[in-house]
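Reader: I have a model open on my screen and want to learn to read it. Where do we begin?
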Amino acid sequence: MTYPFKIERLASLQAAARRIADLQGRAAILGGGLELLDFARSGADQTPEILIPIRQIAPMSYIETRSGEIRIGAGTSIAEIADSTGIRRVAWPLTESANAVGSSQIRSQSTLAGNLLQRPRCWYFRNGISCFKNGGNTCPAATGDNRYHAIFGGGPTYSVFQSDPGLALCALQATLVIVSPDGERTMPVTDLYVDPKQDASREHVLKPGEIIREIRITPLTDRYVGTFMKIRERSGFDFATVSIALIYNNFHGRFKDIRVYLGGVAPRPYVPEKALNQIQYKKLGRGEIPPAADLAAEGAAPLEHNAYKIPMVKRLFREAFEVTYEKLSWRPD
Amino acid sequence: MDKAPVSFRINGKTWSGSVHPLKRLLDTIREDVGLTGTKEGCGEGECGACTVLLDGSPVMSCLVPTCQAEGKEVTTIEGLVRDGELHPMQDCFIQEGGAQCGICTPGMIMAAVAYANDPDSAEDMREALAGNLCRCTGYTRIYEAVRCAMEKMGDSGRSGKKDEGSRKKKAGAT
């Protein structure tokens, strides 16, 4: 194996941000390194020439509570998140999603920010076949073997969103703290992912030189229920065929503040609007769940080989609501 | 293509050398340190054959750039032997027939040792070993071996259960 990389060690995150911005696409952050060695082996991606190890520059691996928020360093491993009793207590969908990531080895190695920014698992892209994601101008999955691809969104790329913690963080309305050459800013995690109709070549909106430093979560109070669930082909460990993150609360006997995101079905975390609107503000009752679940795949435009995901979406939506409904502190039926 | 000095502890001894910072830890262990007990299977993080412990956590050494091991403690299958005695996990794999062709065995044992040291790190044994593939045994004998070893190790043999799991090294407490 050859290693066409150079390592550069810099003094601060700000310096790293400036250096990466200057070098544009030629430099990248070295976090857990999983994607990097995977791509170096397969040669499927344009690997960067210069790497900047990030975890040695600043404290990037921590979980702490400050100003009423849970703050997670971007370099914290998925295993540390899965292990944290603090997160389990007030942001348990994130714990559930962390436990669903890879195997114990992968969880020990991978970082939260790396997981959020992982490139698509599409087999055309990963095997170096020309596509929008690697400089080409087509999506081979549109007409090829698209059994694992998107049923929502209508292209032009059909790779799917695969980050389990990313889905949970959307439902938790997490905030990202981003270091850039000009300073620091915050951004809702729901704004991180780019619409492929705007830019099919990438998955997130961060520019070169923008580095996720921290992820902040407002703790859920005990009025809330929520879950993360995932259907996968191999139960040992696998990426999601369809996944869901769901959070809502009981507000004077009604379904309120519902946040529901689907993974594995669209290039970005997908909000099933019709189903959401159907059940939002309805009086709590088991009977409200099935009619909403029936609408969960509204607007789907499956490709030749992936229509099987439609009943899966409906079923998972229904199961997620039923499981969480049982956990409400008060329910009429 | 430049090599760089790197130093880490492996099986209790300090090792220093000059390798490319992004050379796979697997290759550094086999080619530079000279310990060939760690095996390469798929080379892409699917099979777990190359599992070693990095500061006590199981990792796939085919996906760890060597620079990530700087200053850390690496444990390979060779490091389990104490005073010429096999580790209880190794003993039990032999006793229960947990190995056949043997290519998955070093990684399987390392993942099993990590789980035995910190049973809270996974829901159960099957989940803990989900990242390690074996095409010979059908897993039943492996599970028997791990069960046997965990009984033998008891509480005294483990490295001690910590509040939030032994993987938590740098993370602040919450």
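Author: With a definition. Two strands count as paired if DSSP finds at least two bridges between them. Keep in mind that this is a predicted model.

Reader: Which residue of β11(A) stands opposite A:I247?

Author: The general idea comes before the case. Strands of a sheet pair through backbone hydrogen bonds, either parallel or antiparallel. Here A:R259 in β11(A) stands opposite A:I247. Strand β10 of chain A covers residues 242-251. Eight bridges join β10(A) to β11(A), and the two run antiparallel.

Reader: What is the strand order of the open sheet in chain A?

Author: The order is β9-β10-β11, three strands with antiparallel pairing. The edge strands are β9 (224-231) and β11 (254-263) of chain A, and each pairs on one side only. From one strand to the next, the twist averages 10°.

Reader: Which helices lie across β9, β10 and β11 of chain A?

Author: One is helix α9 of chain A, residues 164-171, running at about 20° to β10(A). Another is helix α12 of chain A, residues 309-325, which runs at about 35° to β10(A).

Reader: Now the backbone. Is the peptide bond from A:G155 to A:P156 cis or trans?

Author: Read omega. That bond is cis, with omega near 5°. A:P156 sits in the loop between α8 (123-126) and α9 of chain A.

Reader: And phi of A:S67, is it positive or negative?

Author: Positive, near 50°, in a residue other than glycine. To find A:S67, go to the loop between β4 (63-66) and β5 (69-73) of chain A.

Reader: Let us move to chain B. At what angle do α2(B) and α5(B) pack?

Author: Helix α2 of chain B spans residues 88-96, and helix α5 of chain B spans 140-153. They pack at about 140°, with their axes 8 Å apart. Angles over 145 degrees count as roughly antiparallel. The angle here makes α2(B) oblique to α5(B). Their crossing is right-handed.

Reader: Which residues of α2(B) and α5(B) make the contact?

Author: From α2(B) come B:P88, B:M89, B:D91, B:C92, B:F93, B:Q95 and B:E96. From α5(B), the contact residues include B:R141, B:I142, B:E144, B:V146 and B:K152. By class, the contact of α2(B) with α5(B) has 10 nonpolar, one polar and five charged residues.

Reader: How do α3(B) and α5(B) pack?

Author: Helix α3 of chain B, residues 105-117, packs with α5(B) at about 40°, and the axes are 10 Å apart. Angles under 35 degrees count as roughly parallel. α3(B) and α5(B) are therefore oblique to each other. α3(B) passes α5(B) in a right-handed crossing. On α3(B), the contact is made by B:M108, B:A112, B:Y115, B:A116 and B:N117. On α5(B), it is made by B:I142, B:V146, B:M150 and B:M153.

Reader: How many charged residues are in the contact of α3(B) with α5(B)?

Author: There are no charged residues, with eight nonpolar and one polar.

Reader: Last, the wider view. Which domains does the domain assignment give for chain B?

Author: Domain 1 is 4-79, and domain 2 is 88-152. The C-alpha centres of domain 1 and domain 2 of chain B lie 20 Å apart. Their contact takes 16 residues from domain 1 of chain B and 12 residues from domain 2 of chain B.

Conventions:
Residues are numbered from 1 along each chain as its sequence is written. Chains are lettered from A and ligands numbered from 1 in the order in which they are written. This is a predicted model: local features need pLDDT of at least 70, side-chain atom pairs count only at pLDDT 80 or more; totals for chains, interfaces and linings use all residues. Side-chain values use heavy atoms; hydrogens and water are left out. Axes are lines fitted to C-alpha atoms, for helices over the stretch in contact, and angles run from 0 to 180 degrees between N-to-C directions. Helices (H or I, at least four residues) and strands (E, at least two) are DSSP runs, numbered from the N terminus. Angles under 35 degrees count as roughly parallel, over 145 as roughly antiparallel, 65 to 115 as roughly perpendicular and the rest as oblique. A crossing is left-handed if the near helix is turned anticlockwise from the far one by less than a right angle, and right-handed if clockwise. Contact means heavy atoms within 4.5 Å. Ala, Val, Leu, Ile, Met, Phe, Trp, Tyr, Cys and Pro count as nonpolar, Asp, Glu, Lys and Arg as charged, and the others, Gly among them, as polar. Domain bounds come from an automatic or database domain assignment.
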